[in-house]
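Let's walk through this fold together, one piece at a time. Have the viewer open and follow along.

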Amino acid sequence: MPMPIAAFLSGTLLLLGGQALAATAYVSNEKDDSISVIDLDSLEVTASLEVGMRPRGLALSRDNTLLYICASDSDTVQVMDLASRKVIKELPSGADPEQFSLHPNDRWLYISNEDDALVTVVDTQSDQVLAQIDVGVEPEGMAVSPDGKWAVNTSETTNMLHWIDTSTHQLVDNTLVDQRPRHVEFSPDGSLLWASAEIGGTVSVVDVASRQIKKVLKFQIKGVHPDKVQPVGVKLTSDGQYAFVALGPANHVAVVDAKTYEVLDYLLVGRRVWHMAFTPGEKRLLATNGISGDVSVIDVASLKVEKSIKVGRYPWGVVVTP
């Protein structure tokens with residue numbers, strides 16, 4: 001009888017067929033055209049994988065066996081088999097893919113095409129383009145709601161969130177936000193959407209039912225000029241307690257009470273913090289720092305930065321497999 005799968009209490013190891021496997025982080029390095037592989041048990045880089053030109057956005061298949069990579073300057077989305085760590089195919093992504101989001105059906109990939117003001121929808125199983133949807137100028141951020149009903153795109157120059165009905169692949173509404181929106185993140189229950197505005201220096205919390213702004217968050221860090229406070233990545237804990245906001249060249253991650261919207265703390269990380277991902281069990285938060293070329297490891301319970309892990313040049317995106 002095969003040995004059952006058992007999870008260690010640490011949340012970072014699985015026992016599979018008698019072999020201990022550490023959780024793993026994958027980090028895209030824009031300037032090196034590579035993916036850094038981090039063992040989350042040792043918190044060390046164990047491999048560097050060559051990929052397409054200027055990798056940015058990353059996403060995982062639902063079973064964590066495939067890694068989707070936005071190779072922006074190669075104008076493609078690459079699909080890597082994580083068992084072999086080889087790129088097994090490329091998807092017709094449209095020009096300059098930057099961020100994307102996978103539908104809960106594990107098939108439809110919604111891709112923002114910055115140069116063409118489009119969102120391209122690709123079926124990852126048939127490799128066919130299902131739709132191309134006109135949006136605002138310089139689309140970047142992309143998120144699909146937990147129920148799969150909405151795909152939301154941000155346009156950096158139009159300063160809008162674009163609401164796409166996934167049943168029809170039609171643009172049905174727009175929400176005006178602050179300057180240069182970069183990232184959108186749904187709350188775990190899908191009722192709220194958090195949208196960062198890099199130049200506006202704010203995060204808008206949007207009610208999904210009405211598609212209206214509920215709250216606008218602002219950030220002030222002692223000793224940091226307001227112009228350097230440029231929100232980008234956002235991550236929300238599954239229990240609804242915290243929102244973490246990467247503040248770009250301010251070199252801090254803001255900790256926000258996700259219920260009251262009070263800013264609780266600012267955590268000093270590396271230079272030009274971009275995006276973030278939780279480790280299994282949300283025990284740690286990893287933050288990519290573009291200019292300093294490292295990943296900051298934040299302990300979520302204590303809200304302290306534990307360690308910095310050197311990766312490639314200009315790390316941008318990060319995902320974690322259990």
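**An enclosed strand and its partners**

Strand β12 (residues 108-113) has five of its six residues buried, so it is largely enclosed by the rest of the structure. Buried here means under 20% relative accessible area, while exposed is over 50% and partly exposed lies in between, with a 1.4 Å probe and protein chains only. Strands are DSSP runs of E with at least two residues, helices are runs of H or I with at least four, and both are numbered from the N terminus. Before going further, please note that this is a predicted model, in which local features need pLDDT of at least 70 and side-chain atom pairs count only at pLDDT 80 or more, while totals for chains, interfaces and linings use all residues. Residues are numbered from 1 along each chain as its sequence is written, and side-chain values use heavy atoms, with hydrogens and water left out.

Which strands flank β12 as partners? On one hand there is strand β11 (residues 97-102), joined to β12 by four bridges and running antiparallel; two strands pair if DSSP finds at least two bridges between them. In this pair, F100 is bridged to I111 of β12. Five residues separate β11 and β12 in their hairpin, and D106 in the turn has a positive phi of about 65°. On the other hand, β12 pairs with strand β13 (residues 118-123), again antiparallel, over six bridges. N113 has L118 in β13 as its bridge partner. This hairpin has four residues between its strands, and A117 in the turn shows a positive phi of about 55°.

Now move to another sheet. Four strands make an open sheet in the order β6-β5-β4-β31, with antiparallel pairing. β6 (44-50) and β31 (315-321) are at the edges with a single partner strand each, so one side of each is left without a neighbour in the sheet. Neighbouring strands in this sheet are turned by 25° against each other on average, direction ignored, using axes that are lines fitted to C-alpha atoms.

Inside this sheet, β5 is mostly covered, with five of its six residues buried. Strand β4 (residues 24-29) pairs with β5 over six antiparallel bridges, and A25 stands opposite I38. Their hairpin has four residues between the strands, including D33, whose phi is positive at about 55°. Strand β5 (residues 34-39) also pairs with β6 over six bridges in the antiparallel sense. There, S34 is bridged to E50, and S36 to S48.

Next, look at the packing. In soluble globular proteins, nonpolar side chains tend to be buried together. A nonpolar core is a set of buried Ala, Val, Leu, Ile, Met, Phe, Trp, Tyr and Cys residues joined through side-chain atoms within 4.5 Å. The largest one has 19 residues, of which W194, L217, F219, V229, V245, L247 and V256 touch the most other members. Elements giving two or more residues to this core are β20 (192-197), β21 (202-207), β23 (234-236), β24 (242-246) and β25 (252-257). A second, separate core of 15 residues includes F244, A246, L285 and L303.

Finally, zoom out. The protein chain has zero helices and 31 strands. Its C-alpha trace spans about 55 × 50 × 35 Å along the principal axes. Buried residues make up 56% of its 322 residues.

Methods
Axes fitted to C-alpha atoms, helices over the stretch in contact; angles between N-to-C directions.
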